[in-house]
Amino acid sequence: ARDALVERGDEMAVHALLTRIEQVVFGTLLAVNRVYAPHRLAKWQRHTLSGLSVAPDRLADRLRGIWAEPIGEAFAVAESLLAETVDLAERATGLDLAEFRGTLAERREPVDRPAAGQG
């Protein structure tokens, strides 16, 4: 529903989803690199990212770039980074992530607006 969130101007939902994508990328790369995250927040992010041997090119710059883009374009940056992370995770672990990749590619159909006084 990311396209609908942008179209409706649901900025809090957009920010939450983009943040979740960043967290998934970060957590996945820590796992693939067998790096322990001592805290649930991504503390010392730049230092941690610089020490990863398996990571997308320009990872730190691309994560920062998500927030530098207009909201509509931020999803393209985030989705590209997520797809590349899935590819790396699949190669590094030997797992078949085709089902997950399919889920990422799904787009929800738009629904009608809530009736007046609802939602």
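Start with Leu18, Val25 and Leu59: these touch the most other members of the largest nonpolar core, which has 18 residues. A nonpolar core here is a set of buried Ala, Val, Leu, Ile, Met, Phe, Trp, Tyr and Cys residues joined through side-chain atoms within 4.5 Å. Buried means under 20% relative accessible area (1.4 Å probe, protein chains only). Helices α2, α4 and α5 each supply at least two residues of this core, and α2 gives the largest share, seven residues. Helices are DSSP runs (H or I, at least four residues), numbered from the N terminus.

The model is predicted: local features need pLDDT of at least 70, side-chain atom pairs count only at pLDDT 80 or more, and totals for chains, interfaces and linings use all residues. Residues are numbered from 1 along each chain as its sequence is written, and side-chain values use heavy atoms, with hydrogens and water left out.

**Leu59**

Keep Leu59 selected and show its contacts (heavy atoms within 4.5 Å). Leaving aside residues up to four places away in sequence, Leu59 touches Val25, Leu29, Leu49, Leu52 and Leu81.

**Helix α2**

Next select residues 11–32, the 22 residues of α2. From first C-alpha to last, α2 reaches 31 Å, close to the 32 Å expected at 1.5 Å a residue; the expected span is 1.5 Å times one less than the number of residues. Colour Val14, Leu18, Ile21, Glu22, Val25, Phe26, Leu29, Leu30 and Val32, which are buried in α2. Their cover includes α1 (2–8), α3 (45–50), α4 (59–68) and α5 (71–93). Just after α2, look at Arg34, which takes a positive phi of about 55°.

**α2 against α4**

Show α2 and α4 together. Their axes come within 10 Å and cross at roughly 170°; axes are lines fitted to C-alpha atoms, over the stretch in contact for helices, and angles run from 0 to 180 degrees between N-to-C directions. The two helices are therefore roughly antiparallel to each other (angles over 145 degrees). On the α2 side, select His15, Leu18, Thr19, Glu22, Val25 and Leu29; in α4 they meet Leu59, Leu63, Ile66 and Trp67. The residues of this contact divide into seven nonpolar, two polar and one charged.

**Helix α5**

Move to α5. Its 23 residues should span 33 Å at 1.5 Å a residue, and its end C-alpha atoms are 33 Å apart, which agrees. Ala74, Phe75, Ala78, Leu81, Leu82, Thr85, Val86, Leu88 and Ala89 are buried in α5. What covers them includes α1, α2, α4 and α6 (98–105). Finish at Gly94, which follows α5 and has a positive phi, near 80°.

Definitions and conventions:
Buried means under 20% relative accessible area, exposed over 50%, partly exposed in between (1.4 Å probe, protein chains only). Angles under 35 degrees count as roughly parallel, over 145 as roughly antiparallel, 65 to 115 as roughly perpendicular and the rest as oblique. Ala, Val, Leu, Ile, Met, Phe, Trp, Tyr, Cys and Pro count as nonpolar, Asp, Glu, Lys and Arg as charged, and the others, Gly among them, as polar.
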